[in-house]
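Here are my notes on the model, as numbered points. Please read them alongside the coordinates.

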Amino acid sequence: MGAAITGAVLDSVLFENCRLDYAIFDQVRASGPLVFDRCVLSEATFTGCDLTGVVMRDCVLRATGFEAGAYKDLDLSGSDLSTVRGVGNLREVVISRAQQYQLTDALLAELNLTYNEDLPQHH
């Protein structure tokens, strides 16, 4: 909990059933296989990371932040994406069709929209 991993190059690493709540991944790069399998990453943050081709299978990503970085082919299949932050940075990731609605929920929350039905009515 609360681990800080900075500037690491990870090759052939498997995180399996790990709790990485509040972890900070800063300038981390996957140079070979990197898999997060059934991990909990609540309120974790990825900043300036290159997670190209990484797999996050069936992970809990509650309020996990994806700041600017490289996420091409990051496989998020099976993970709940409804509360992730930094949705706009997740270009070219791999998800299932069912997860598109979770990303929509996350984007709407991030935009902090006001719905006209929620505004006070002036008569």
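1. Terms first. Buried means under 20% relative accessible area, exposed means over 50%, and partly exposed is in between (1.4 Å probe, protein chains only). By that scale Glu67 is partly exposed, because its relative accessible area is 33%. Glu67 sits in the loop between S9 and H1. Helices (H or I, at least four residues) and strands (E, at least two) are DSSP runs, numbered from the N terminus.

2. Basis of the model. This is a predicted model, in which local features need pLDDT of at least 70 and side-chain atom pairs count only at pLDDT 80 or more, while totals for chains, interfaces and linings use all residues. Residues are numbered from 1 along each chain as its sequence is written, and side-chain values use heavy atoms, with hydrogens and water left out.

3. Confidence. pLDDT is the predictor's confidence in each residue, from 0 to 100. The protein chain has a mean pLDDT of 93, and 99% of its residues reach 70 or more. By element, S7 has the highest mean (97) and helix H1 (residues 100-111) the lowest (89).

4. Overall make-up. The protein chain holds nine strands and one helix. Their order along the sequence is β-β-β-β-β-β-β-β-β-α. The C-alpha trace spans about 65 × 30 × 25 Å along its principal axes. Of the 123 residues, 35% count as buried.

5. Contacts over sequence distance. Contact means heavy atoms within 4.5 Å. Among contacts between residues at least 6 apart in sequence, 6% join residues at least 24 apart. Glu67 touches Thr45, Phe46, Thr47 and Asn89, leaving aside neighbours within four places in sequence. The C-alpha atoms of Glu67 and Gly7 are separated by 15 Å; the two residues are 60 apart along the chain.

6. The sheet. Two strands pair if DSSP finds at least two bridges between them. Four strands form an open sheet, ordered S1-S4-S7-S9, with parallel pairing. Strand S1 (4-6) and strand S9 (65-66) are at the edges with a single partner strand each, so one side of each has no neighbour in the sheet. Strands S4 (residues 24-26) and S7 (residues 45-47) run parallel and are joined by three bridges. Asp26 has Thr47 as its bridge partner in S7.

7. Aromatic rings. Rings of Phe, Tyr and Trp (its six-membered ring) pair if their centres lie within 6.5 Å; planes under 30 degrees apart count as stacked, over 60 as edge-to-face and the rest as tilted. The whole structure has six aromatic pairs. Phe46 and Phe66 are stacked, because their ring centres are 5.3 Å apart and their planes are at 5°. Phe46 is in strand S7 and Phe66 in strand S9, so this pair ties together parts 20 residues apart in sequence. Both residues are buried. Phe66 also pairs edge-to-face with Tyr71, at 5.6 Å centre to centre and 90° between the planes. Tyr71 is buried, with a relative accessible area of 1%. Ring pairs link Phe15, Phe25, Phe36, Phe46, Phe66 and Tyr71 into a cluster.

8. For Cys18, the nearest cysteine sulfur is that of Cys39, 4.5 Å away. Cys18 is partly exposed, at 24% relative accessibility. For Cys49, the nearest is that of Cys59, 15 Å away. Cys49 is buried, at 2% relative accessibility.

Conventions: Disulfide = S-S within 2.5 Å.
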